[in-house]
Amino acid sequence: MADKKATKKAPKADMSKKTVTELKADLLLAQKGLFDGTLANPHHIKAIRKEIARKLTAENSAKEKGDK
């Protein structure tokens with residue numbers, strides 16, 4: 001049998017174009033929705049947190065490259 005490797009999906013376009021502050025605001029709203037019981041997809045919180053971490057990592061690596 002031929003084995004097929006799973007490919008990673010690209011992050012959603014709407015999240016990748018947002019700034020860190022916008023993502024933090026979205027995270028706050030999602031956490032409030034989780035508390036209220038109105039959040040349909042709790043995994044969305046995890047996805048937002050990962051996207052924030054990716055953006056902060058990219059910013060920090062760009063700063064380090066500029067310092068050297």
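Helices here are DSSP runs of H or I with at least four residues, strands are runs of E with at least two, and both are numbered from the N terminus. On that basis the chain has three helices and zero strands. Their order from the N terminus is α-α-α. Keep in mind that this is a predicted model.

**Stop 1: colour by confidence**

Colour the whole chain by pLDDT. The mean is 86, and 79% of the residues reach 70 or more. Now select helix H1, residues 13–16: among the elements, H1 has the lowest mean pLDDT, 67. Helix H2 has the highest, 96. Where pLDDT is low, the predicted coordinates should not be read in detail.

**Stop 2: surface and contacts**

Show the surface of the chain. How much of the chain is buried? Buried residues make up 16% of its 68 residues. Take the contacts with a separation of 6 or more: 56% of them join residues 24 or more positions apart.

**Stop 3: helix H3**

Select residues 43–67, which form helix H3. H3 has 25 residues. From first C-alpha to last, H3 reaches 37 Å, close to the 36 Å expected at 1.5 Å a residue. Which residues of H3 are buried? They are Ile45, Ile48, Glu51, Ile52 and Lys55.

**Stop 4: the nonpolar core**

Select Val20, Leu23, Leu27, Ala30, Ile45, Ile48 and Ile52. These seven residues make up the largest nonpolar core. Helices H2 (20–36) and H3 are the elements that give two or more residues to this core. H2 provides the largest share, four residues.

Centre on Leu27. Hide its neighbours within four places in sequence. What is Leu27 still in contact with? The partners are Ile45, Ile48, Arg49 and Ile52. Of these, Ile45, Ile48 and Ile52 also belong to the core.

**Stop 5: Lys55**

Stay on H3 and pick Lys55. Is Lys55 buried or exposed? Its relative accessibility is 19%, so Lys55 counts as buried, the cut-off being under 20%. Draw a C-alpha to C-alpha distance from Lys55 to Leu23: the two are 9.8 Å apart in space and 32 residues apart in sequence. Leu23 is one of the core residues from the previous stop.

**Stop 6: salt bridges**

How many salt bridges are there? The count comes to two.

Select Asp26 and Lys18 for one of them. Their side chains meet at 2.5 Å, N to O. Both ends are partly exposed: Asp26 has 23% relative accessibility, and Lys18 has a relative accessible area of 28%.

Now select Arg54 and Glu51. They form a salt bridge with the closest N and O atoms 3.5 Å apart. Why can these two side chains be on one side of the helix? An α-helix has 3.6 residues a turn, so residues three or four places apart point the same way. Arg54 and Glu51 are three residues apart in H3, about one helical turn. Their accessibilities fall in separate classes. Arg54 is partly exposed, with a relative accessible area of 48%. Glu51 is buried, at 6% relative accessibility.

**Last view**

H2 and H3 supply the core, and the Arg54–Glu51 pair sits in H3.

How values were computed
Residues are numbered from 1 along each chain as its sequence is written. This is a predicted model: local features need pLDDT of at least 70, side-chain atom pairs count only at pLDDT 80 or more; totals for chains, interfaces and linings use all residues. Side-chain values use heavy atoms; hydrogens and water are left out. A salt bridge is a side-chain nitrogen of Lys or Arg within 4 Å of a carboxyl oxygen of Asp or Glu. Buried means under 20% relative accessible area, exposed over 50%, partly exposed in between (1.4 Å probe, protein chains only). A nonpolar core is a set of buried Ala, Val, Leu, Ile, Met, Phe, Trp, Tyr and Cys residues joined through side-chain atoms within 4.5 Å. Contact means heavy atoms within 4.5 Å. pLDDT is the predictor's confidence in each residue, from 0 to 100. The expected span of a helix is 1.5 Å times one less than its number of residues.
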